[in-house]
Amino acid sequence: LDLKRIIYIDADQVVRGDVKELWNLDLKGAPYGYTPFCNTNTATNGFRFWDSGYWKNHLRGKPYHISALYVVDLVKFRRMRAG
C-alpha cells in the first residue's frame, strides 16, 4: 500500500471528535504523534492515575500520552526504521 500516514485507534476506544486534527498534526520531523490525556474535564477527576503516586513521580511533570490513539508518519517511520 502506498500510504503516507495512518491513525491507530485501539479497538476499545471511543472517539468523540474529529480525528482530522490528529491527521493534520505537525509532527515536527517525528515518526509518531500521540494524543495527550485530557486534564480539563472535571468528570475525570480521581481517575487520572498519572496525577498521583508512582506515575506522578515517574513523569515529573511531563505529559502523559495515551498510546491507544496516535498518528504515524509512515514515510519518516520507514526511513528511520522506527518501531
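L1 is exposed, with a relative accessible area of 94% (exposed means over 50% relative accessible area, buried under 20% and partly exposed in between, with a 1.4 Å probe and protein chains only). The model is a predicted one, in which local features need pLDDT of at least 70 and side-chain atom pairs count only at pLDDT 80 or more, whereas totals for chains, interfaces and linings use all residues. Residues are numbered from 1 along each chain as its sequence is written, and side-chain values use heavy atoms, with hydrogens and water left out.

L1 is placed in the segment before strand 1 (5-9), where strands (E, at least two residues) and helices (H or I, at least four) are DSSP runs numbered from the N terminus. Together with L3 and I6, L1 makes a nonpolar surface patch of about 330 Å²; patches are made of residues with over 30% relative accessible area and no salt bridge, nonpolar side chains (Val, Leu, Ile, Met, Phe, Trp, Tyr) being joined within 5 Å and like charges within 9 Å, and accessible areas come from the Shrake-Rupley method with a 1.4 Å probe, only the protein chains shown counting as cover for residues.

The structure holds 1 salt bridge, defined as a side-chain nitrogen of Lys or Arg within 4 Å of a carboxyl oxygen of Asp or Glu. This salt bridge is formed by D2 and K4, whose closest N and O atoms are 3.9 Å apart, and both D2 and K4 are exposed.

Aromatic pairs number 6, rings of Phe, Tyr and Trp (its six-membered ring) being paired if their centres lie within 6.5 Å, with planes under 30 degrees apart counted as stacked, over 60 as edge-to-face and the rest as tilted. The pair of Y32 and Y70 is edge-to-face, because the ring centres are 6.3 Å apart and the planes stand at 75 degrees. This pair links distant parts of the chain, with Y32 in strand 2 (residues 32-36) and Y70 in strand 3 (residues 65-73), 38 residues apart. Y70 counts as buried at 17% relative accessibility, whereas Y32, at 27%, counts as partly exposed.

Y32 also forms an edge-to-face pair with F77, at 5.9 Å centre to centre and 80 degrees between the planes. Since Y32 lies in strand 2 and F77 in helix 3 (residues 74-80), this pair ties together parts that are 45 residues apart in sequence. F77 counts as partly exposed, at 23% relative accessibility. Ring pairs link Y32, Y70 and F77 with Y8 and Y34 into a cluster.
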